[in-house]
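Reader: I have a protein model open and I would like to learn how to read its features. Could you walk me through some of them?

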Amino acid sequence: MLVLSQSDVAEVCSFDAMLEVVADAFRAQGRGAVERPERPHFPVGKGRDGEEPPGTGLAMPAYIHGNDYYATKLASVFPGNEARGLPTVQAQLQLSDAETGTPAAYMAATHLTAVRTGCIAGLAARELAVEGPVRLGVVGAGAVARASTRAIAAATDLESVSVYSPSASKDAFAADLSGVADEVRAVDSAEAAVESATVVVTATTSETPVFDGEALEAGPLVVALGAYTPDMQEIDATTVRNAVRIFGDVPEEVAETGDMRDVGVDASAIVPFASVLSGEAGRESPSEILLVDSVGSAVLDAAAAEHVYEEAAATGVGREIEL
């Protein structure tokens, strides 16, 4: 099997190509041409008296009908890792032959996860933002926030970026991404990041809303990428209620997140994001607020991993081993 390190994956994982890979995966999911078993997620690190478990483990299998491979990703979310100098989200993925079950590749998937998640923001901005250069407001400054910004830069005409995080990571974000737009700046509050934005991205592990919806001006697209459980929430009730349409990557799961639960948004009121990419739904007015909410789909991992594997095999990247 082919083993791919984090740097190997990054070498063959371009945003331009991955945007189309993710778009095709969404379309397949929208047609029902996928296998996507229930994703278990569970607390890990219990046993410390009086303390919350430090992290969450997840298993994410998926297969796209007709593809040559299926994927199983093992992921973790540890919000305290920033203080340790480690990624909040980490992942590894096995790609297996869909005809024989034989392992084809094992790859570091932390970067892959950030890129495929960021491409949701890139596609959303391309399809749903108001016309004209994008003014991007970002809340969160980790790997997913950075990948989302790069994906939006690849998919649109990105004019400016304002980023907020309660830690010093916002300054590192602004320095690292200084070339993606004419202006990239760290700001002192979430409201300052979103107030003049045409596209807002939230990419945090927060359990409470990360900005006040009253700060939004007319017509923005809001892309929420962080919450995937009932206890997690990035978007406040004001934003949800003011959104003319809500799109979700997996509507029935988006409806169970903290973003939607407290407002009482039913899954039937959430439009599948695949409908946007198939041309069945979209923006109808430059003044309407639109919300795209993502819990993450293993279908995207399967598509992204197969693309990475094929690119790596074709260019000699990675290392072959025998199990």
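Reader: Let me start with Arg-126. Does Arg-126 count as buried, exposed or partly exposed?

Author: This is a predicted model, and in it Arg-126 has a relative accessibility of 30%. Buried means under 20% and exposed over 50%, so Arg-126 counts as partly exposed.

Reader: With which residue does Glu-127 form a salt bridge?

Author: Here is the general idea. Side chains of opposite charge can pair when their charged atoms come close. In this model, Glu-127 forms a salt bridge with Arg-126, and their closest N and O atoms are 3.1 Å apart. Glu-127 is partly exposed too, with a relative accessible area of 34%. There is also a network here: salt bridges that share partners join Glu-20, Arg-126 and Glu-127.

Reader: How many salt bridges does the count come to?

Author: The count comes to 12 salt bridges. Arg-27 and Asp-24 meet through their side chains in a salt bridge, 2.8 Å from N to O. These residues are 3 residues apart in helix α2, so about one helical turn separates them. Arg-27 is partly exposed at 26% relative accessibility, and Asp-24 is partly exposed at 46%.

Reader: And where do the partners Arg-116 and Asp-301 lie?

Author: First, their side chains meet in a salt bridge, with 2.8 Å from N to O. Arg-116 lies in helix α3 (residues 110-128) and Asp-301 in helix α11, so this pair ties together parts that are 185 residues apart in sequence. Now check the accessibility. Arg-116 has 3% and counts as buried, while Asp-301 is buried with a relative accessible area of 0%.

Reader: Now the aromatic rings, please. How many aromatic pairs does the count come to?

Author: The general idea is simple. A pair of aromatic rings is described by the distance of the centres and the angle of the planes. In this model the count comes to 2 aromatic pairs. One of them is formed by Phe-26 and Phe-273, with 5.1 Å centre to centre and 80° between the planes, and the pair is edge-to-face. Phe-26 sits in helix α2 (residues 15-31) and Phe-273 in helix α10 (residues 273-277), 247 residues apart, and the pair links these distant parts of the chain. Phe-26 is buried at 0% relative accessibility, and Phe-273 is buried at 1%.

Reader: Why is the pair of Tyr-69 and Tyr-309 called edge-to-face?

Author: Look at the angle. Planes over 60 degrees apart count as edge-to-face. The planes of Tyr-69 and Tyr-309 are at 75°, with ring centres 5.1 Å apart, so this pair is edge-to-face. Tyr-69 lies in strand β5 (residues 69-77) and Tyr-309 in helix α11 (residues 298-315), so the pair ties together parts that are 240 residues apart in sequence. Tyr-69 has 14% relative accessibility and counts as buried. Tyr-309 is buried as well, with a relative accessible area of 15%.

Reader: One last feature. Which residues form the negative surface patch?

Author: The patch is formed by Asp-68, Glu-99, Glu-310 and Glu-311. Take Asp-68 as an example: its place is in the loop between β4 (55-64) and β5. Asp-68 has a relative accessible area of 46%, so Asp-68 is partly exposed.

Conventions. Residues are numbered from 1 along each chain as its sequence is written. This is a predicted model: local features need pLDDT of at least 70, side-chain atom pairs count only at pLDDT 80 or more; totals for chains, interfaces and linings use all residues. Side-chain values use heavy atoms; hydrogens and water are left out. Rings of Phe, Tyr and Trp (its six-membered ring) pair if their centres lie within 6.5 Å; planes under 30 degrees apart count as stacked, over 60 as edge-to-face and the rest as tilted. Helices (H or I, at least four residues) and strands (E, at least two) are DSSP runs, numbered from the N terminus. Buried means under 20% relative accessible area, exposed over 50%, partly exposed in between (1.4 Å probe, protein chains only). A salt bridge is a side-chain nitrogen of Lys or Arg within 4 Å of a carboxyl oxygen of Asp or Glu. Patches are made of residues with over 30% relative accessible area and no salt bridge: like charges are joined within 9 Å, nonpolar side chains (Val, Leu, Ile, Met, Phe, Trp, Tyr) within 5 Å. Accessible areas come from the Shrake-Rupley method with a 1.4 Å probe; for residues, only the protein chains shown count as cover. Lys and Arg count as positive and Asp and Glu as negative; His and the chain ends are not counted. The place of a charge is taken as NZ of Lys, CZ of Arg, CG of Asp or CD of Glu.
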